[in-house]
Amino acid sequence: MTFINYAAREINCKIVYYGPGLCGKTTNIQWIHERARKEAKGKLISLATETDRTLFFDFMPIELGTIRGFRTRFHLYTVPGQVFYDASRRLILKGVDGVVFVADSQELRHDANIESIQNLRENLAEHGYEIDTMPYILQLNKRDLPSALPVEQLERDLRFKDEPIIEAVATTGKGVFDTLKAVIKQVLIDLKSR
Amino acid sequence: MVLTEEDHTRFQAILDGLAEASNAKLVFLLDKNGQQIASCGQIDDLDLTSLASLASGTVAATQGMGQLIGEPSFSTLFHEGQEDNVHLNVVSDRMILLIIFDERSSVGLVRLRVQQQLDALAAVIDDVMAKTEKHDKIQQVPEQLGEITDEDIDTLFG
């Protein structure tokens, strides 16, 4: 739910990175945090296990500047990807304005991607959101791995509307900012059209 | 949600009074999605954005536990520290009132002062939410934002 603060002249939006375990959601956020301008970013909070798996969420705020006199601030969250953290994933989706689905391109994770998109659909519906109409980007991550499936196959199996598809290698930053830009653009256009 | 300057002032007045009456270091109002509404007091270098995100996560997780055990509402949470303590209240099921206090206050005093202000706070929250709902039906966004262009968005990314 976009928060428009007239007192502070701010628009605050929430973006959630979703996807199966170890697909690179946290790596996306870490890259953004490392490379964003110092004055634009806030602290990166990671609630992780001792083995660096996301336990609850990662969070970082980013401020992109002023648009029509309103400061635009985006809160970026990741969810824990492991299947058994479903209750936490559902909580984090509350109030979401846009979703990035980070798909793992590897053949072995193909079923996990499909299962995770279905899980996203169900969890959004629990909050009364409709995945087919909300801002949504499909990122195909790990494109550099030899076991990555062809883009055409991933598109056929994972794309369910006309969402933008962005190829990425989050460990090197390829496609990371393009993904962020794409989802922010959709969120702002969605806001404008309400 | 839409917060007008007038509503912000009303929240601020309640928070200012609460901070003084409870001897708190910080009184902070946020919504359950972690968005900051108003605050009174200051703690050196405290990152309110991160605090809001973590507080909303804590409340969400606790309420999630409540659902599992069949308890519909955990309205108050208290974290006791060595020096500072955190008191959290869910207000009107929409917002979270977070209070940080040290040995100059006590959990009893904080609870008492919060209880005394809950109704006033809830009344403003309900009013804001009713206005937001009405606003949603007419026009969700300020007029200026309806004029956002692709160029405006591209400019954000330099």
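Two strands pair if DSSP finds at least two bridges between them; strands themselves are DSSP E runs of at least two residues and helices are H or I runs of at least four, numbered from the N terminus. This is a predicted model, where local features need pLDDT of at least 70, side-chain atom pairs count only at pLDDT 80 or more, and totals for chains, interfaces and linings use all residues. Residues are numbered from 1 along each chain as its sequence is written, with chains lettered from A and ligands numbered from 1 in the order in which they are written.

**Exercise 1.** Find the bridge partner of A:Ile4 in S1(B).

*Solution.* Start with the strands: S1(A) and S1(B), residues 2-3 of chain B, run parallel over two bridges. Then pick out the residue: A:Ile4 is bridged to B:Val2.

**Exercise 2.** Work out which element gives the largest share of the side of chain A that touches chain B.

*Solution.* Call two residues in contact if their C-beta atoms, placed from the backbone, lie within 7 Å. Chain A then puts in 33 residues and chain B 30. Elements of chain A that each supply at least two include S2 (10-18), S4 (54-67) and H5 (176-193).

**Exercise 3.** Decide how covered H1(A), residues 25-35, is.

*Solution.* A residue is buried if 20 or more other C-beta atoms (placed from the backbone) lie within 10 Å of its own, exposed if 12 or fewer, and partly exposed in between. Eight of the eleven residues of H1(A) pass as buried, among them A:Trp31 and A:Ile32. Their cover includes S2, S4 and H5 of chain A.
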